[in-house]
Amino acid sequence: MSSLRDQDSDIAPYTGWTRDDWTALADRMLLAARRHASPSHALITPPGAPGGYGTRVDGLEGFARTFLLAGFRLAGEQGKDPLDLLSRYAEGIAAGTDPTSPERWVTPREHGQAKVEAASIALILDLTRPWLWDQLDGGVQERVVDYLAQVVGDKDYPRTNWLWFRIVVEQFLSSVSGPWSLDDMHADLALHESFVREGGWYSDGDERSFDHYCGWALHLYPILWSRMSGAADLAAPLLPEYTARLDRFLLDAIRLVGADGSPLLQGRSLVYRFAAAAPFWIGAYAGTGAVEPGRLRRAATGIVKHFVDRGAPDKDGLLTLGWHHEWRGLAQNYSGPGSPYWAAKGMLGLALPADHPVWTSTELPLPVEEADQLALVSAPGWALSSTAADGVVRVYNHGTDHARPGDRTGDSPLYARIGYSTATCPQVDEEGWDAPTDQSVVLLDGDGRPTHRSGFETLEAADLDGAVLLASRARCRWLDPDRSGPEHGSGRQGTAIDAATVTTVSIVRGAWEVRCVRVDPAGAPGWDEVVALRIGGWPVSGSDPLSTYVGPAGAVVVGRHTSTAVALHGLDQTGVHRGHDATPLGMWTATPWLLADPEPGLWKIAALALGEAERAPEARLRLPEPAPGATTVSITWPDRAETVATLPAA
């Protein structure tokens, strides 16, 4: 007879994890964080250098974000509390809201970050109401209300996902007869609607800001809010649309998870790590019919297990600032030692009982485990291509830059690169911010300074029957950056000098991209300084120096994955750029590149691959006859399939 563990594992053929593994991980994390609590438990400050907002904010973050995890754990067990979570967090709430306590919390009026953390506190007070809120002393309840009420009528919330922090807090206040504002709620809900984009996506604000916040904030909070005490009347007319958008988004989100469980390394706040699992759990909460419960759990478990297997949490049970291991270069300047615990959002499934279908259903494979995937993702302007042979998901980006069309900022390596994947990370050291190489098309001056492309215009997205095409056009510029501003993910401000207009086309199939580039001076004041056009390929990182090959027609970098750049037309120099401690994936990073003279109006064509690529595609240009006409490119792929694409006119 098989053991109980073997029987449990039958429902987890891909990850081997059951709900018991999840609860064990949660308990390990909570007990580890407890060791760094203040005497009254009001502040939890994991070890590490203070964040940009100071130690008092760090301690509040540590409390509020581990409170999320504690609340999910308690809710899923209907208040059973073997770790004595309730009494410790109750004591912390009493001290944190006491203005006379040396461990009192920073208030929402004192610091904006307290508005974020107040939402986690309010959400869990509602979720655990019978076991925590209802048991608090009346005086403590009054102090909690006074603390949270500072958000009512506040006009200084950023017009981003932060709107949900006020909605959640005011919803809780309304349920305990505290002050709240229906005008605030209506205004914030209307702002949320302004972020709606095609295909169930949300932009985090009015810029082209597409990243993990779409899932772990802008889809998460509407569903959780609709289930808070007293929210039903206001939420009822909105919930069908929230759910429909979530259903559609999940069809894209599930295809963005690599077979090894890695989420896409793109966007800010990546130190939250497995918070990327949150949209799959919220799908289970909402009862989505778009993705089966077993596939939702496969995605969520795969993401969390990806990090656990690679060192996060660390040997002490703590989440550090980094990715697999501590790597502070991945943090924004607002990140402190308590910040990574927003990863708790990726453990929301623990709030669902053990008999919920998401826990009892057998795991189903991720899309990348079933077959190669190729699709256009319209809202962020991505072409998605994943390959079952290596389990890697790639996106090619002609629509996201955390900017607005026409902006003249620098490129954020987290948003403005042409390609992102589940196996690579853009260079995010200082050089990566100031001097794009990986997954870029740049113009170089005589000193080797590369241009930036943020503010580009998306030109086209097309399905080519077995391949996809995306195109964009940028008024590229050199930037003298201002490094004094906040680092919140956007490209740097600075003094810009235009170099030329550059049109870039990505034609994608399998592991290969054929990239076509044309340069037009278009009266740019810096054109006379342009000496070369450079096309950068995929960055590969590793713990050891990487093997490279540079030949007359291309360059190859070999590590855990292989990056290849091949000149197909008009490119006559090749090389490899090397970085040291430039990504969290390894001490060494190498990127193949191709170079050409910047001849105005002439198309240059490269083939770029991430993976064990076969021989490169071939490409032939068909130029217009003397009469006006379109330039086309004919591509023969390694498997001999053919694609013909029309390139954008000037």
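Which residues does Thr636 touch, not counting residues up to four places away in sequence?

## Around Thr636

The answer is Pro617, Glu618, Arg620, Ala641 and Glu642, where contact means heavy atoms within 4.5 Å. You can find Thr636 in strand β19, residues 632-636. Helices (H or I, at least four residues) and strands (E, at least two) are DSSP runs, numbered from the N terminus. Thr636 is buried, at a relative accessible area of 4%. Here buried means under 20% relative accessible area, exposed over 50%, and partly exposed in between, using a 1.4 Å probe and protein chains only.

## About the model

This is a predicted model, in which local features need pLDDT of at least 70 and side-chain atom pairs count only at pLDDT 80 or more, while totals for chains, interfaces and linings use all residues. Residues are numbered from 1 along each chain as its sequence is written, and side-chain values use heavy atoms, with hydrogens and water left out.

## Salt bridges

Side chains of opposite charge can pair when their charged atoms come close. A salt bridge is a side-chain nitrogen of Lys or Arg within 4 Å of a carboxyl oxygen of Asp or Glu, and a search of the whole structure finds 38 of these salt bridges.

One of them joins the side chains of Arg404 and Glu207, at 3.4 Å from N to O. Arg404 sits in the loop between β3 (392-397) and β4 (419-421), and Glu207 in the loop between α8 (182-194) and α9 (213-226), so this pair ties together parts that are 197 residues apart in sequence. Arg404 is partly exposed at 35% relative accessible area, whereas Glu207 is buried at 18%.

Another salt bridge brings together Arg295 and Glu370, at 3.6 Å from N to O. This pair also links distant parts of the chain, with Arg295 in helix α13 (residues 293-308) and Glu370 in helix α15 (residues 367-370), 75 residues apart. Arg295 counts as buried, at 12% relative accessibility.

## Nonpolar cores

Which residues touch the most other members of the largest nonpolar core? They are Ile93, Trp225 and Phe280, in a core of 144 residues. A nonpolar core is a set of buried Ala, Val, Leu, Ile, Met, Phe, Trp, Tyr and Cys residues joined through side-chain atoms within 4.5 Å.

Let's look at Trp225. Leaving aside neighbours within four places in sequence, the contacts of Trp225 include Trp164, Met185, Leu234 and Tyr242. There is also a second, separate core of 23 residues, with Cys476, Trp478, Val502 and Ala565 among them.
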